[in-house]
Structures are given as structure tokens and as C-alpha cells.
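Here are my notes on the model, point by point. Please keep the structure open as you read.

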Amino acid sequence: MKKQHKLAEARYFLSRLNSLSDPQSFSFELSAFLSAARSVLQYVLEEAKAKPSGQKWYSDLVLQFSPIKYFKSKRDINIHVEPVLPNRHVGVELVVPVCISESLSLKLMDQAGNVIDERAVNSPVPSVASQSTSTVSVSYRFADWAGTENVQTLCQQYLNAIEAVIQDGRAKALIA
């Protein structure tokens, strides 16, 4: 029951991360996510230790999931050293319609170089129905993560790994 509650809490904080662009609010929700998600694994370990080979199972399994190792470190830093503040990346896309018109000047000359006829041909100026549009996107990344995933994607991978640990522990009757 405890681990399910904390897992739901971690999911809640992850859903909040997906809707925030303000750096301070993002860091607060990330801190809460890190604590809730880590608590799930601590409950799993405590429960598994009561069974023969439960602690070994936990240690061996956790080492298989790189997001678990990575986020354990992040949570420990966040709690014991300093707040974990990922890098904020802001992308701006601006779409501006451009109209191009052309003009052509023709001169008809005789052999002596006298202008016989002169005409200018202008292409019509196209009408522009669309207006300028802009899109701003905000993403967060950990500077020490070698992959291309943003913070939210890594957090989702972490939750998936935690759920895999729970499923494995249940399948082996090491946790309820």
C-alpha cells in the first residue's frame, strides 16, 4: 500500500512537470518527484529484505536499470547537497510570410542604339492571407546526462523501471 501511494505521488509530480515552464516551479516539482519515486524503491527494499535473498534480488535488479542508479544519485544530491536544477532550454520559432514581386524592364533599340520602344512589366504583388506566428517551447535537460532525453522523458523512464522492479518482486513473491 505504501509503495503504491508513493508511486501515485511520483506520477502526479511527473504530470505537473509536463505543464511547467517556470524554472522555480519546475525545480520544486522535480524535487518532490525525486523524493516520492525514491521512497517507492526504499519501501520495496525494506519489504524484500524480510525474505531470504530479497536484498540480493533488489541489489542485482536495481543495477540493471540505469535510470534508477542515475536518479538515486540525483535524489541524494537534491536532499543532502544542493537543489538539482536542470538546464532550461527555450526555443523560439517565428514564421513570417514573405512576398516577392518581380519587375522587368525591356528596351527595344535599333542598330544605332536609339531606343525604339521601352516597356516595364511588373508581376502582381501577391496578397498575403496569413499573419506572423510564433511558437515558444521550453525543455529541461540534465547537464550530466549523456543522452538526448529531456528531464520529463528520463523521469518517465525512471518510473517505468520502478514499476518493472515491483512487477519482478511480485512475480518472485518477494514483495506484495
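1. V92 counts as exposed, at 62% relative accessibility. Exposed means over 50% relative accessible area, buried means under 20%, and partly exposed is in between, with a 1.4 Å probe and protein chains only. V92 sits in strand β1, residues 87–95. Strands (E, at least two residues) and helices (H or I, at least four) are DSSP runs, numbered from the N terminus.

2. A word on the source. This is a predicted model: local features need pLDDT of at least 70, side-chain atom pairs count only at pLDDT 80 or more, and totals for chains, interfaces and linings use all residues. Residues are numbered from 1 along each chain as its sequence is written, and side-chain values use heavy atoms, with hydrogens and water left out.

3. Now the surroundings of V92. Leaving aside neighbours within four places in sequence, V92 is in contact with T135 and V136. Contact means heavy atoms within 4.5 Å. V92 and V138 are 46 residues apart in sequence, yet 8.9 Å apart in space, C-alpha to C-alpha.

4. Which residues make the core, and which helices supply it? The largest nonpolar core has 38 residues, and L30, F33, F142 and I162 have the most contacts inside it. Helices α1 (2–17), α2 (23–48), α3 (54–62), α4 and α5 (151–171) each supply at least two residues of this core. Helix α2 gives the most, with ten residues. A nonpolar core is a set of buried Ala, Val, Leu, Ile, Met, Phe, Trp, Tyr and Cys residues joined through side-chain atoms within 4.5 Å.

5. Look at I162 next. Not counting residues up to four places away in sequence, I162 touches L7, A37, V40, L41 and I68.

6. Is R75 buried or exposed? R75 is buried, because its relative accessible area is 15%. R75 belongs to helix α4, residues 66–80. Beyond four places in sequence, R75 touches L34, S35, R38, Q42 and H80.

7. S53 is not a glycine, yet has a positive phi of about 65 degrees. S53 lies in the loop between α2 and α3 and counts as exposed, at 54% relative accessibility. A173, in the segment after α5, has a positive phi near 60 degrees and is also a residue other than glycine. Most residues other than glycine have a negative phi.
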